[in-house]
Amino acid sequence: MRRNSSSSLRLTRLLLVVLLASSLIAVACAKKRRPSYKKLPPRQERVEPFPAPSEEEPAPPQVPEFAAPQRQASHRLVEKGKVSLQSNDLATAHQHFQEAVSIDSNNGVAYYYLAVVALKNGEKEEARGFLDKAEMLLIDDEWNAKVQELRNQLQ
Amino acid sequence: MFGRRRKTKRGFFATIRAWIRFGKRLAIFLLILALAGLYYMHRLDRIIAAKFDQPRKWNLPSRVFSDAEYLYPGIDIDSRHLVAKLDRLLYRDTGTSIHGPGDYARTASALEIYLHDFEYPNEVFSGFPLRLELSGSIITSIINKESGEKLDVTRLEPEMVASVFDERMEDRTLVTLSEVPRNLLEAIIAVEDNRFFRHHGVDPVGIARAMFSNFKAGRVVQGGSTLTQQLVKNFFLTPQRSFWRKFNEALMSLQIERRHTKGEILQAYLNEIYLGQRGTSSISGVSEAAKFFFAKNVGQLTLAESALLAGMIRSPNEYNPMKHQGRAKERRNTVLGLMWENKLISEAAYTRAKLEPIVTPKQKVRVVTAPYFIDFVKQQLAEFYPQEVLESEGLRIFTTLDMFSQIVAEEAVVAELAQLEKSYASLLPKSHSGLLQGCVIEMQPSNGYIRAMVGGRDYAESQFNRCTQGRRQPGSTFKPFVYLTALDPIRSQKSITPSTILDDSSFTVQSGGEPWTPKNYDQKEHGRVTVRTALEQSYNIATARLAIDAGLERVVQTAADAGITSPLSPVPSLALGAFEVRPLEMAAAYAIFPNGGIRAEPIAVMNVVTKDGLVVERRSIKMKREFDPAAVYLTTNLMKGVIDRGTGAAARALGFTGIAAGKTGTTSSYRDAWFVGFTPQKLGLVWVGYDDNAEMKMSGARAALPIWARFMRNVALTPNAGDFARPRNVVTIKVDLKNGGRYKKSCKDEFDEAFIDGTEPEESCDEIHLQAYASPDYF
């Protein structure tokens with residue numbers, strides 16, 4: 001009888017310790033997970049089946065001589081963005097294309113690639129907007145065809 | 001005898017009892033004292049646990065950054081004031097050659113910059129020496145001096161525009177012990193607490209030595225505080241001198257030493273220590289000080305710079321190398337001497353370091369830049385990042401701000417408003433309590449970037465942001481939306497061209513049960529005028545007729561599509577800008593003109609990055625085609641005439657020479673003066689008025705245009721500007737400027753007018769009076 005009561009006492013004690021420890025761990029974990037401000041999770045970069053930019057891309061449209069260095073600088077950033085795009089680093093690619101249009105607001109190719117990134121991110125509305133701008137600037141037939149092709153994929 | 005003995009015995013017991021009583025009382029007293037002591041220690045312990053034992057010991061201010069500055073061939077470094085920018089970025093002018101990170105050198109043929117390291121969102125950039133070859137002040141090529149590679153483009157890191165502090169106003173960048181150079185650690189220990197590794201928080205030997213030195217000198221020449229005590233004093237306590245503070249300081253130092261390693265204490269000290277003042281905020285920690293005084297990361301400090309920094313701890317303002325170079329050098333050499341005596345450096349290193357000149361970046365003259373923009377950014381982020389988060393989390397907020405534009409805009413507002421008050425004092429109301437106020441916004445139309453924002457004349461006096469919080473009538477600056485509606489055949493269902501004749505003669509129309517009769521500013525009627533003349537000269541009567549003809553509902557729709565979110569009603573006075581809007585809405589709506597009918601949402605914040613480099617917020621540019629590019633081009637082309645000939649012609653007289661379009665605005669009784677103007681790349685909006693809507697008797701051309709012209713002259717006159725892109729279905733033909741008819745030799749003013757293909761006028765200039773505009777019946 002006495003042995004029984006002492007073993008049940010031990011059991012209760014053990015249970016209490018386990019309960020206490022697990023509640024402590026739960027509290028500790030909960031504290032850890034709750035950040036002190038509302039953190040936005042970094043955007044999920046969805047990789048959708050989308051043809052990689054073709055190697056035989058049409059040459060970028062010509063610009064008047066006075067705008068050439070600006071276009072060249074902007075184009076260099078487009079090239080960097082394309083490298084990031086090929087390795088599916090969409091955030092960096094987006095950054096470079098955005099810098100490219102900031103330097104040369106008439107660089108239609110940069111807007112085209114902003115649309116490509118937006119489409120890959122599943123942001124169709126944004127992609128359409130960039131294509132609107134690309135369409136206005138890329139009057140060359142080959143580029144226009146590429147813009148239309150991308151637009152068709154948005155349908 | 002017996003009695004005496006009894007008495008003595010009794011006395012003895014009484015004494016014993018008294019002693020026992022005393023012993024008991026003493027024991028109780030000591031027990032209480034011990035308990036109180038324990039409780040006191042426990043209290044101090046809890047303070048230490050609550051503040052110091054946390055992984056995050058300090059509230060780190062969040063920092064707001066401008067956009068990066070992109071450099072490529074063709075840029076004029078003087079017109080962009082690049083050297084001033086380098087000074088603001090805390091680069092150091094090192095004469096004719098650069099030696100290490102943070103140096104720059106300008107010669108006649110080149111500008112060399114040793115770029116700083118910088119953590120961009122998603123990219124850690126390692127600085128390298130850069131050579132910008134110049135022809136005059138124009139960049140001809142860019143070379144990476146390290147690799148010899150020629151670059152098409154490079155960038156200068158974003159400028160820190162502001163820090164969002166808590167009430168302690170401490171500017172701080174955290175470092176770990178491993179990032180701090182050995183020289184700096186040794187110098188600090190040598191000069192501040194030579195026995196740091198031998199004591200337990202309080203150093204009796206140090207105190208005795210300090211007392212002896214002070215006694216010998218007859219004044220306080222040396223302190224006996226250990227590094228731990230200094231840390232405790234700065235971290236937990238107030239700087240006031242009192243016995244209790246000293247007492248607490250000693251107890252807490254002992255406690256901290258018991259609970260933390262020397263390494264942890266030293267690291268906390270390096271981050272805590274006060275090293276000077278920048279405006280109202282303090283420079284705390286060696287990392288922030290290295291940036292501020294030497295334009296370097298702490299790991300890049302030389303021996304001499306480390307010695308100076310260590311020497312400055314005793315009295316940061318007295319040895320500030322920016323203000324007192326002589327004293328700073330003397331102090332540095334004392335510290336170097338001490339290091340040599342303690343065998344921490346070799347004689348050769350000591351001699352070399354003593355000869356090193358002290359080079360600091362130029363001290364920032366402007367302490368606060370873009371305060372209204374910063375408020376706007378905070379407001380944009382408020383949902384996810386409230387003020388207390390910004391004050392403590394050390395976030396890095398990357399914005400679209402162009403610091404050069406912002407500085408020019410701030411100067412333009414202050415200087416031109418003062419000039420207006422001086423030149424037109426007679427027009428302004430007498431004994432008006434408030435100052436004339438203004439708002440300037442610069443937007444990049446192609447992506448919606450807000451590049452500059454000045455929300456008022458003096459932030460210290462009034463924090464009300466007139467660009468984002470003020471609601472004012474736009475007056476005639478609203479008119480382009482009327483013309484855009486009319487010139488778009490799909491929107492207006494009319495065939496109206498720049499050559500269409502409008503009737504600028506008085507009429508009355510019922511509006512809300514009341515008769516409404518528009519009047520021109522000059523109180524005259526101008527008869528039949530072309531659409532072009534009506535907008536260039538800002539004729540109210542002709543514009544009101546056009547709006548009614550094009551459809552007031554449609555005009556409301558046009559304004560909404562362009563981005564006006566304030567409520568507008570389809571009543572005739574809408575055409576003349578009777579409904580209040582916010583200046584920022586107006587700037588965003590106007591951006592559709594240079595952007596070919598594509599609406600780009602205004603954007604100020606690009607990225608928010610945590611102190612650990614995680615990008616938690618990424619905002620993308622957003623755009624959408626809202627308007628037919630041909631109608632937009634025609635309207636823009638009309639607005640070019642406003643600046644070339646019309647109500648905005650003063651811009652030319654004020655020295656603005658580039659291709660630009662825009663519109664003036666003046667509200668009834670001259671309460672608001674506006675000018676919104678743009679080049680293909682930049683858009684600037686200016687509003688001037690009184691906060692209480694008082695009359696100022698000045699038009700948009702008189703009050704707002706000078707600010708716009710001064711601002712745009714400095715920021716928008718680039719040789720690469722080009723013209724507005726003309727859509728393929730727009731043709732240009734020669735017409736007579738006055739009546740819009742096809743040009744013949746007998747016409748007076750030859751002018752190249754744009755038309756949507758197929759809508760060109762058939763009549764020649766001498767026939768045009770026969771083909772008047774068919775006014776609707778209700779006129």
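A charge sits over a ring if NZ of Lys or CZ of Arg is within 6 Å of the ring centre and within 35 degrees of the ring normal. The model is predicted, so that local features need pLDDT of at least 70 and side-chain atom pairs count only at pLDDT 80 or more, whereas totals for chains, interfaces and linings use all residues. Residues are numbered from 1 along each chain as its sequence is written, chains are lettered from A in the order in which they are written, and side-chain values use heavy atoms, with hydrogens and water left out.

**Exercise 1.** Find which ring the charged end of K262(B) sits over.

Solution. The charged end of K262(B) is placed over the ring of F196(B), 4.5 Å from the ring centre. In a second case, R396(B) lies over the face of F118(B), at 5.3 Å from the ring centre. The ring of F118(B) also belongs to a cluster linked by ring pairs, together with F65(B), Y120(B), F125(B), F128(B) and F398(B).

**Exercise 2.** Classify the pair formed by F52(B) and F236(B), and locate both residues.

Solution. Rings of Phe, Tyr and Trp (its six-membered ring) pair if their centres lie within 6.5 Å; planes under 30 degrees apart count as stacked, over 60 as edge-to-face and the rest as tilted. By this rule there are 30 aromatic pairs over all chains. With 6.2 Å centre to centre and 45° between the planes, F52(B) and F236(B) form a tilted pair.

Definitions and conventions: Helix = DSSP H or I, 4+ residues; strand = E, 2+ residues; numbered from the N terminus.
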